[in-house]
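Biologist: I would like to learn how to read helices, their packing and a few loop residues in a model. Could we take them one at a time?

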Amino acid sequence: MTLQSPPPQPDLLAALAGGIGEFVALRQDLHRHPELSREEHRTAGIVAGLLRGWGYAVTAGVGGTGVVASLQEGNGTRSLALRADMDALPIVEATELPFASVAKGVMHACGHDGHTAILLAAAKHLAETRAFNGRLVLIFQPAEEIGAGARAMIADGLFKRFPVDAVFGLHNWPGLPAGQWGILPGPVMAGIDQVLLTVQGRGGHGAAPHETVDPVVTTAHAIAALQSVVSRNIDPQDTAVVTVGSIHGGEASNVIPDTVEAKLTLRYFTGATQDILEARVPGILRGVIEAFGATADLTYARGFSPVVNHAPEAAFARRAVEGLFGPAALIDGFRPRTASEDFAFFLHERPGAFLILGAGECAPLHSPRYRFNDAIIAPAAALWVQLARDFLTGDAQ
Ligand SMILES: [Zn+2]
Ligand SMILES: [Zn+2]
């Protein structure tokens, strides 16, 4: 790829903004009718219907409820995939929006309704203007929130049935300036592992602790000792997170329970850090728990790996942002996020990059008060169009 940026396209921004009302309405409709992972039937139906209407060849049911649309223009041999995720979360919405969820206990609290609307807005514009030369492949992925959808689509032959030269995706991000982009080479979102722990002691009367093996005191010491993993085992230049997000044991103040259960989430950006976490976290837990005379029943589950952007594709996306919005639209000093994304699996299969898009001030992702910012739909759709045009013109190589 050259370092040449294509000329700025102010008309493109205006064109997308002009027709965006349809996609804001669609986004709010998807928000009103959220669907959990693997249950995105209504959403997938709407997506497939619109894409067919715009002239795409649509394949539904890829990896469950996934939808793949492709469009060949001209004789170009390059092909590009753009991905959006479609699923919602098991959260009781607390936004009081007029289009708040009508599905009890289900909420689009991660903005996947917005990601879907963004990619559809770009899809319509690209189909109408056909200002590219090659094959465009649009991936509407299910089940991101449970880390299953990307793997399911790949296992269903996604990239064999729809070969592409590169794949790009994006995620909106509350707390970063609206419409500004965070694009880095290398790790951009963390890998995730999980630990499920049961501390088995021997319960008894709260007034006679010497007759028990107290799993509450044992677990408290084990959790305190865990804090040394990040501070004393991980290179200070690296990043790791050890969070005990759930701990349960006992019911009454005067009863020492038999067991305490805890759940941990671990985050990291490199395989070497993951190896240290996998060795030290269970090691410290078992050591402390056994020192107190209790036993540890422990499961360490590797989750999904960090999202690691390929350097040429990250640079390509940065140039597309600069070409469309100017260099000031790239967030200065942007740093990787410690959340996780199953887009990681697409980047194991094909070159590509995952872009972070600032959404402005609002409650964080996965909060019951999170609100997707509709103002970023048009500029984000314009960026997808720009990226597709740049990638699918032979001179961008
Ligand atoms: Zn999420
Ligand atoms: Zn998400």
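Modeller: What follows goes through helices, helix pairs and loop residues in this predicted model.

Biologist: Which residues of α3 are buried?

Modeller: A residue counts as buried if 20 or more other C-beta atoms lie within 10 Å of its own. In α3 that applies to T43, A44, I46, V47 and L51. These residues lie on the same side of α3, because they cover an arc of only 160° around the axis.

Biologist: Now a helix pair. What numbers describe one?

Modeller: Two packed helices are described by the angle between their axes and the distance between the axes. For α2 and α4 the angle is about 150° and the axes are 9 Å apart. That angle makes α2 roughly antiparallel to α4, because angles over 145 degrees count as such. On the α2 side the contact is made by F23, L26, R27, L30 and H31. On the α4 side it is made by D113, G114, T116, A117, L120 and A121.

Biologist: Is the crossing of α2 and α4 left-handed or right-handed?

Modeller: α2 passes α4 in a right-handed crossing.

Biologist: How many of the residues of α9 are buried?

Modeller: The count is 11 of 15, so α9 is mostly covered. Among the buried residues are E313, R318 and R319, as well as F316, V321 and L324. The buried residues pack against α1 (10-18), β5 (166-173), β6 (181-182), β14 (307-309), β15 (352-358) and α11 (377-391). Just after α9, G326 takes a positive phi of about 95°.

Biologist: At what angle do α9 and α11 cross?

Modeller: They cross at roughly 115°, and their axes come within 9 Å. The crossing is right-handed. The contact is made by A317, A320, V321, G323 and L324 of α9 and by A382, L383, Q386, L387 and D390 of α11.

Biologist: And at what angle do α1 and α11 cross?

Modeller: Here the crossing is at roughly 130°, with the axes coming within 9 Å. That angle makes α1 oblique to α11. The crossing of α1 and α11 is right-handed. The residues in contact are L12, L13, L16 and A17 of α1, and A378, P379, A381, A382, V385 and Q386 of α11.

Biologist: On to the loops. Which phi does E96 have, and where is E96 placed?

Modeller: E96 is not a glycine, yet its phi is positive, about 60°. It sits in the loop between β3 (79-85) and α4. E96 counts as exposed because it has 7 C-beta neighbours inside 10 Å.

Modeller: H366 is also not a glycine and has a positive phi, about 75°. Its place is in the loop between β15 and α11. With 13 other C-beta atoms within 10 Å, H366 is partly exposed.

Biologist: Is I183 buried or exposed?

Modeller: I183 lies in the loop between β6 and β7 (186-189). With 25 C-beta neighbours inside 10 Å, I183 counts as buried. Leaving out residues up to four places away in sequence, I183 touches A314, A317, R318, V321, L330, A353 and L355.

Key:
Residues numbered from 1 in each chain as written. Chains lettered and ligands numbered in written order. Predicted model: local features only at pLDDT ≥ 70, side-chain atom pairs only at ≥ 80, totals over all residues. Buried ≥ 20, exposed ≤ 12 C-beta atoms within 10 Å, placed from the backbone. Helix = DSSP H or I, 4+ residues; strand = E, 2+ residues; numbered from the N terminus. Arc of directions from axis to C-beta. Axes fitted to C-alpha atoms, helices over the stretch in contact; angles between N-to-C directions. Parallel < 35°, antiparallel > 145°, perpendicular 65-115°, else oblique. Left-handed = near helix turned anticlockwise from the far one by under 90°. Contact = placed C-beta atoms within 7 Å.
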